[in-house]
Amino acid sequence: MALVTYKNLDPRIVRDQNKPKPSTDFRQHKFGAMDTAKDSPPFLTEVELIKVFKRFDGNRDGRLSRQELKNAFESLGSYFPTYRAIMALFRADKNRDGYITLDEMRYLIEYALSCNYYDK
């Protein structure tokens, strides 16, 4: 059996050990340092986001206006809730009536999931 030394190792293996692959966890600390998976809170799930958006349907008409969306994104901790509300309407309001109905809710949830909100 041959002795494994630094000279007869494949240089790609050595290089990969010295530079580990970056994490795919996009949750970042306020100052830009990556949190560990144990320290950072979990992302909100689809069911939790549906509950949040339904809670902010103030007049209970089954539609979310831009102001209701803005309030919902504020509660999620968005830094720019007005921008998020406008983008949500742009992405989810398929019939362009200015409201997100229950039929369009899945597009809103897809957008909110892409923003990676997490439980506080």
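Modeller: Helices here are DSSP runs of H or I with at least four residues, strands are E runs of at least two, and both are numbered from the N terminus. By that rule, N116 sits in the segment after helix 5. Bear in mind that this is a predicted model.

Colleague: How many helices and strands are in the protein chain?

Modeller: Five helices and two strands. Along the sequence the pattern runs α-α-β-α-α-β-α.

Colleague: Back to N116. What is its phi?

Modeller: Positive, near 55 degrees, and N116 is not a glycine. Its relative accessible area is 30%, so N116 is partly exposed.

Colleague: Which other residue has a positive phi without being a glycine?

Modeller: R96 has one, at about 55 degrees. R96 belongs to the loop between helix 4 and strand 2.

Colleague: Is R96 buried or exposed?

Modeller: Exposed, because its relative accessibility is 51% and the cut-off for exposed is over 50%.

Colleague: Now the inside. Which residues touch the most other members of the largest nonpolar core?

Modeller: F53, L69, F73, L76 and L108, out of 22 residues in that core. Helix 2 (46-55), helix 3, helix 4 and helix 5 (105-114) each give two or more residues to this core.

Colleague: Take L69. What does L69 touch?

Modeller: Leaving out residues up to four places away in sequence, L69 touches F53, L64, A85, A88, L89, I100 and L108. Two of those partners, F53 and L108, are also among the residues with the most contacts to other core members.

Colleague: Why would such side chains gather inside?

Modeller: In soluble globular proteins, nonpolar side chains tend to be buried together.

Colleague: L108 is in helix 5. Which residues of helix 5 are buried?

Modeller: M105, L108, I109, Y111 and A112. Viewed down the axis of helix 5, they fall within an arc of 160 degrees, so they line one face of the helix.

Colleague: What covers them?

Modeller: The cover includes helix 2, strand 1 (63-64), helix 3, helix 4 and strand 2 (100-101).

Colleague: What share of the chain is buried?

Modeller: Buried residues are 28% of the 120 residues.

Colleague: And the contacts? What share comes from residues 24 or more positions apart?

Modeller: 44% of the contacts with a separation of 6 or more.

Colleague: Switching to charges. How many salt bridges does a search of the whole structure find?

Modeller: One. R63 pairs with D61, and the closest N and O atoms are 3.4 Å apart.

Colleague: How exposed are R63 and D61?

Modeller: R63 counts as partly exposed because its relative accessibility is 29%. D61 counts as partly exposed too, because its value is 35%.

Colleague: Which residues form a nonpolar patch on the surface?

Modeller: Y79, F80 and Y83. Together they have about 450 Å² of accessible area.

Colleague: Where does Y79 lie?

Modeller: In the loop between helix 3 (66-75) and helix 4 (81-92). Y79 counts as exposed because its relative accessibility is 72%.

Terms used. Residues numbered from 1 in each chain as written. Predicted model: local features only at pLDDT ≥ 70, side-chain atom pairs only at ≥ 80, totals over all residues. Heavy atoms only, no water. Patch = residues over 30% accessible without salt bridge, like charges linked within 9 Å, V, L, I, M, F, W, Y side chains within 5 Å. Areas by Shrake-Rupley, 256 points an atom, 1.4 Å probe, with all protein chains shown as cover. Salt bridge = Lys/Arg side-chain N within 4 Å of Asp/Glu carboxyl O. Buried < 20%, exposed > 50% of the residue type's maximum accessible area, 1.4 Å probe, protein only. Core = buried A, V, L, I, M, F, W, Y, C linked by side-chain atoms within 4.5 Å. Contact = heavy atoms within 4.5 Å. Arc of directions from axis to C-beta.
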